[in-house]
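Biologist: I am new to this structure. Please show me how to read it, one feature at a time.

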Amino acid sequence: MDMGKQKMMEGKKAFQRELLQIAVPVTLQCLMQSSFSVVDQIMTGQLGSISIAGIGLGGKFASIYSVVAAAFGKYYVLIFRAEDDVRQMTGYVLTAYALVAPVKVQNMILGGILRSGGRTTFVMIIDMIGTWIFGVPLGLLTAFVFHLPIASVYFVLSMEECVRLIISLAVFRKKKWMQTL
């Protein structure tokens, strides 16, 4: 193997090693978070419909938090020692989060209500449609095709929340999710 190819292979291996050092912990964290969500749903589901509804309504506090985060985000980033461009991007991300948070909260509440009716498969299907048919493809397009900044990618990716809300409202209004438990 000539010297140029060897250096290229070494560079490729170094890149792969660095990528794994970043990707493996993030992937494990996502798996743990997902596992926690499953366990949380199992535990919450055992507590009954009143508890599920209480948890859903408690999520409304998150809407208040999102407004505060957007309003005071520029001061929040001053707590950390970061470069100006990181602070600016953090402000954009907090704004995107604040715009999407009320829809996320409504989905948490509505998802809890739909689950409490006993038709948990409905919520799973709604989540799969929102995530895999809308969220992931839109996120991939904005990140890798249009090369938008992270705040824009997050905002567009979060449009899956709007899709889920629209579908959930339609299911809720039809009342087919209710069953005697």
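Modeller: Begin with the elements. Helices (H or I, at least four residues) and strands (E, at least two) are DSSP runs, numbered from the N terminus. Here the elements run α-α-α-α-α-α-α from the N terminus on. That comes to seven helices and zero strands.

Biologist: What should I know about the model itself?

Modeller: This is a predicted model, where local features need pLDDT of at least 70, side-chain atom pairs count only at pLDDT 80 or more, and totals for chains, interfaces and linings use all residues. Residues are numbered from 1 along each chain as its sequence is written, and side-chain values use heavy atoms, with hydrogens and water left out.

Biologist: What percentage of the residues of the chain count as buried?

Modeller: Buried means under 20% relative accessible area, exposed over 50%, and partly exposed in between (1.4 Å probe, protein chains only). Of the 181 residues of the chain, 23% count as buried.

Biologist: Which residues make up the largest nonpolar core?

Modeller: A nonpolar core is a set of buried Ala, Val, Leu, Ile, Met, Phe, Trp, Tyr and Cys residues joined through side-chain atoms within 4.5 Å. The largest one here has five residues: Leu114, Val123, Ile126, Val171 and Trp177.

Biologist: What does Leucine 114 touch?

Modeller: Contact means heavy atoms within 4.5 Å. Leaving out residues up to four places away in sequence, Leucine 114 touches Arg119, Val123, Ile126, Ser168, Val171, Phe172 and Trp177.

Biologist: At what angle do helix 5 and helix 7 pack?

Modeller: Axes are lines fitted to C-alpha atoms, for helices over the stretch in contact, and angles run from 0 to 180 degrees between N-to-C directions. Helix 5 (residues 120-145) and helix 7 (residues 159-174) pack at about 150°, with axes 8 Å apart. That makes helix 5 roughly antiparallel to helix 7. Angles under 35 degrees count as roughly parallel, over 145 as roughly antiparallel, 65 to 115 as roughly perpendicular and the rest as oblique.

Biologist: How do helix 5 and helix 6 compare in direction, parallel or antiparallel?

Modeller: Helix 6 covers residues 150-157, and its axis lies 8 Å from that of helix 5, at an angle of about 160°. The two are therefore roughly antiparallel. Gly135, Val136, Leu138, Gly139, Thr142 and Ala143 in helix 5 meet Val153, Val156 and Leu157 in helix 6.
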